[in-house]
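Here are a few notes from going through this one. Have the model open as you read, and take the points in order.

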Amino acid sequence: MAHDPVEPGASTLQGTLVADKYQILGAVASGGMGTVYRARHLHLDRDVAIKLMHARHFDNREYMARFRLEAQKAAGLEHPGIVEVRDFGEDAVLGPYLEMELLSGFSLRELLQAVGPLPIEVVVHCIAECLDALHYAHGKGILHRDLKPANLFVARVGDGFQTKILDFGLAKAILGDSSGAGHETLTKTGVVLGTLTYMSPEHFADFKSVDQRTDLYSLAASAYELLTGRPWSAAPRSSSAWTRSRAGCIGSTPQRLRPAVSPGWTRSSRGPCGWTRASASPTPRPCGWRSWPVCVTRAKPSARCVA
């Protein structure tokens, strides 16, 4: 879920108890599925992140069932590069909720907006951490389906930073409406199927049959934008545009926009950075963190977590 402004009325829940153990302290961010709140776990005396589903989804039984199923799968992912889902339940009034670790830091989208194209070593390091997390999750049979800079979060961990993938598995959880009208609506909003700018052609054409390569494609599109400061192409608005995109990159190669980028990032002609095939992923070098101080001081830290 991207970090959109908090929905009107979300702030009215401040002080409300969720499941008799979480006291809402304030709204953090909203997205298509729900709103994330900072809350106090009264039993453990610690701050956590709580996601509550929007009330407008309560009457969709299939939506609710899939949310529960995938929440359980997401809770089974234990990796430093994936936000931790600690608990799942249902409040009698507020509906389904997720408890997650509360992260302090900033998304790569926020960092990009603050400093422009990121230092190459920073991009390599962050993407490498995301690839490691994806390898783990894919091994568990779980796809993300909505990777983008807004869902890649640089969290403060001790004296360093760890890139964490947000919204893991829940995009798959709410794929339910297979009717023509539902498919059209979801594609337009980008809430369930993903964000068009980062979506693979295969995902757009048949979202039910995609495999792990669609995540690699989206991560590559994210890397392209982080390196160049611009999306690799405008979001196509028709299947014919996606068909044309499969023949090769619509946008310029990273080297044309930033000559310092190594040709290894585009060793394949398919996709924004040549990562359409799992075997085409580059081998990143370790990051020396020399560029982090400038990035961090110019980015606006936040305390948030979505899963």
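1. Start with Tyr97: buried or exposed? At 4% relative accessibility Tyr97 counts as buried, because the cut-off is under 20%. Keep in mind throughout that this is a predicted model. Tyr22 is buried too, at 0% relative accessibility.

2. On to the aromatic pairs: searching the whole structure turns up two of them.

3. Phe106 sits in strand S7 (residues 103–107) and Phe161 in strand S9 (residues 160–165), so the link is between parts 55 residues apart in sequence. Both Phe106 and Phe161 are buried.

4. Back to S6 for its strand partner. Strand S5 (residues 85–91) pairs with S6 in the antiparallel sense, over six bridges. The two are joined by a hairpin of three residues.

5. Now the nonpolar interior. As a rule, nonpolar side chains in soluble globular proteins tend to be buried together. The largest nonpolar core here has 30 residues, and those touching the most other members are Leu108, Leu118, Leu134, Leu152, Ile165, Phe168 and Leu219. Two or more residues each come from helix H2 (108–115), helix H3 (120–139), strand S8 (152–157), S9 and H7. H3 gives the largest share, nine residues.

6. What is Leu134 in contact with, leaving aside neighbours within four places in sequence? The list runs Leu147, Ile165, Phe168, Asp215, Leu216 and Leu219. There is also a second, separate core, with 14 residues, including Val36, Ala49, Met53 and Ala74.

7. Last, have a look at Ser218, which is found in helix H7 (residues 213–228). Its relative accessible area is 4%, so Ser218 counts as buried. Not counting residues up to four places away in sequence, Ser218 touches Leu147, Tyr198 and Met199. Leu147 is also among the contacts of Leu134.

Definitions and conventions
Residues numbered from 1 in each chain as written. Predicted model: local features only at pLDDT ≥ 70, side-chain atom pairs only at ≥ 80, totals over all residues. Heavy atoms only, no water. Phe/Tyr/Trp six-rings, centres within 6.5 Å; stacked < 30°, edge-to-face > 60°. Buried < 20%, exposed > 50% of the residue type's maximum accessible area, 1.4 Å probe, protein only. Helix = DSSP H or I, 4+ residues; strand = E, 2+ residues; numbered from the N terminus. Pairing = 2+ DSSP bridges. Contact = heavy atoms within 4.5 Å. Core = buried A, V, L, I, M, F, W, Y, C linked by side-chain atoms within 4.5 Å.
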